[in-house]
Amino acid sequence: MLVKSLVSVFLAAILTENYVLCKSLGICPFLGVSKKLNTAVGMSAAVTFVMVLATAVTFPIYQYLLVPNDLAYLQTIVFILIIAGLVQLVEIVLKKYIPALYQSLGVYLPLITTNCAILGVTMLVLQKVQTTSAFTYTYGHALINALGAGIGFLVAMVMFAGVRSRLESADVPKSLQGLPITLISASLVALSFLGFSGFVDKLIPLA
Amino acid sequence: MNQTLFAVLIAVLVVAGIGLLIGLILAIASIVMAVPKDEKAEAVLELLPGANCGACGYSGCAGYASALSKGEAKVGLCPVGGEECTHAVGELLGTSGETVKKVAHIHCMGNCDNTTNKADFQGINSCLSASRYGSGITACTFGCLGFGDCVNACLSNAITVCNGVAVVDINKCGGCGLCAEACPRKLITVAPVKEQAVVRCSNKEKGAVAKKACKAACIGCMKCTKVCEAGAITVKDFCATIDPEKCTGCGVCVENCPSKCITM
């Protein structure tokens, strides 16, 4: 049951609840850094890394510091504070001990400090804790959800990088060139992900 | 009233406390785990042009700067910065180096007057794609396609496509060689600037075939090799090449070339 629910949460985060394509979070890097495949992958790696790390820290803080003190309403500002500080700390640590990873993540790490996808993953998971009825939503589920959200981001970025490379050679009407056609194609890619709705529930019935 | 005030105070205290804690941790971490900066490399980086073209053989200007500061690289590898840059870096590092200004040469004169296209091309606007249709769209299968892949590659806007053939403005050219890599027909070479003759043709067909494709084609007549006193010209595959090291810039070959495809 536990493994089953973990798999279900993981797949749902990638496919049915894709944070970029279904929840429209993190659109800025999605449109900005998806021009080339390698930068798209680099950005996604950084996002996944920070998402898991941020969830790992904010989840217990919410459960054991904010809720007992009736301060749940402070979650947004506290989470922003913690994520920003955390990313800075990770940057310092990486620079010192794993310079290779620091070089490859490069500018993406500070860029995503206050990205809404990160904040969204850490906050929306708290809603799920209250609303999920089929199983108890634990710390492990939250971490898996964050990992899945990161992979979902990667999938969306890589797919969209492919779409954009096709767009480069397409004959686009002048009034639509640049951002307009990018937004239109982004919406079409998002539309394709609607096809997954209900997919995970059918595949892994939990109730 | 007191209770509300208390609730507000708690909230403020919690946020301020977390902020302070994180600030403290970051401050300590940045001191404990500070990475020693290479100040010399940063000073050198300031002097480099920052084009990140890679012509020096290192990964961008930062890579070259750090190699310079460690003494692993020679001063004066940067063709873009030119002499000024070399002098400045040399002064900083206490070593001297000489740089030779290099520029790109385009070995084709196939403009609209000399040659024609054998087909109309309506596709992706690049030399690479035009060169892949059959044997390319130009009458000469070695010549400049004129879609300006080199123009796009150029960092200093030194290349223009003029009358169907790419032309380099040697005053602007930094000699980085990015255009030479971009050209699908490998018509561009980078050579030191001096008074010298350059063969403006790359056609390796027999003379008659080459001449039919382009009026300015090198027909491989060997006349230039005979008149050159420095022995700088060789003809291989019916196309002359001039060794820029040996060329004295006397200009005899230019006068004697029947196709007028050698220029100074």
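This is a predicted model: local features need pLDDT of at least 70, side-chain atom pairs count only at pLDDT 80 or more; totals for chains, interfaces and linings use all residues.
Let me start with C179(B), which, once its neighbours within four places in sequence are set aside, is in contact with A104(B), C150(B), A153(B), C154(B), I159(B) and I188(B), where contact means that the C-beta atoms of two residues, placed from the backbone, lie within 7 Å. Residues are numbered from 1 along each chain as its sequence is written, and chains are lettered from A and ligands numbered from 1 in the order in which they are written.

C179(B) is also among the residues with the most contacts inside the largest nonpolar core, alongside Y64(B), C201(B), A217(B), C218(B) and C261(B), and that core has 62 residues. By a nonpolar core I mean a set of buried Ala, Val, Leu, Ile, Met, Phe, Trp, Tyr and Cys residues joined through C-beta atoms within 7 Å; a residue is buried if 20 or more other C-beta atoms lie within 10 Å of its own, exposed if 12 or fewer, and partly exposed in between, with C-beta atoms placed from the backbone. The elements of chain B that give two or more residues to this core include helix 2 (39-47), helix 5 (127-132), strand 1 (102-106) and strand 3 (165-168), and the largest share, four residues, comes from helix 3 of chain B. A second, separate core of 50 residues includes L15(A), V78(A), V125(A) and F160(A).

Buried residues make up 35% of the 207 residues in chain A, and 34% of the 264 residues of chain B count as buried. For contacts with a separation of 6 or more, residues 24 or more positions apart account for 82% in chain A, and in chain B 55% of the contacts between residues at least 6 apart join residues at least 24 apart.

Where do the chains meet? In helix 4 of chain A, I77(A), V78(A), L81(A), I82(A), G85(A), Q88(A), L89(A) and I92(A) meet V15(B), I18(B), G19(B), I22(B), I25(B), L26(B), A29(B) and S30(B) in helix 1 of chain B. By class, this contact has twelve nonpolar, four polar and no charged residues, where Ala, Val, Leu, Ile, Met, Phe, Trp, Tyr, Cys and Pro count as nonpolar, Asp, Glu, Lys and Arg as charged, and the others, Gly among them, as polar. The axes of helix 4 of chain A and helix 1 (residues 2-32) of chain B come within 10 Å and cross at roughly 5°, the axes being lines fitted to C-alpha atoms, for helices over the stretch in contact, with angles running from 0 to 180 degrees between N-to-C directions. That makes helix 4 of chain A roughly parallel to helix 1 of chain B, since angles under 35 degrees count as roughly parallel, over 145 as roughly antiparallel, 65 to 115 as roughly perpendicular and the rest as oblique.

Helix 4 of chain A has 23 residues and spans 32 Å from its first C-alpha to its last, close to the 33 Å expected at 1.5 Å a residue, the expected span being 1.5 Å times one less than the number of residues. Its buried residues, among them V78(A), I82(A), L86(A) and I92(A), pack against helix 3, helix 6 (108-111) and helix 7 of chain A together with helix 1 of chain B. Helix 7 (residues 116-131) of chain A, with 16 residues, reaches 22 Å, close to the 22 Å expected, and in helix 7 the buried residues include A117(A), V121(A) and V125(A).

Finally, three loop residues. I124(B), in the loop between strand 1 and helix 5 of chain B, is partly exposed, with 13 other C-beta atoms within 10 Å, and touches S169(A) and S129(B), not counting residues up to four places away in sequence. S24(A) has a positive phi of about 55° although it is not a glycine, and with 16 C-beta neighbours inside 10 Å it counts as partly exposed. D237(B) likewise has a positive phi, of about 50°, without being a glycine; D237(B) lies in the loop between strand 6 (233-236) and strand 7 of chain B and is exposed, with 11 other C-beta atoms within 10 Å.
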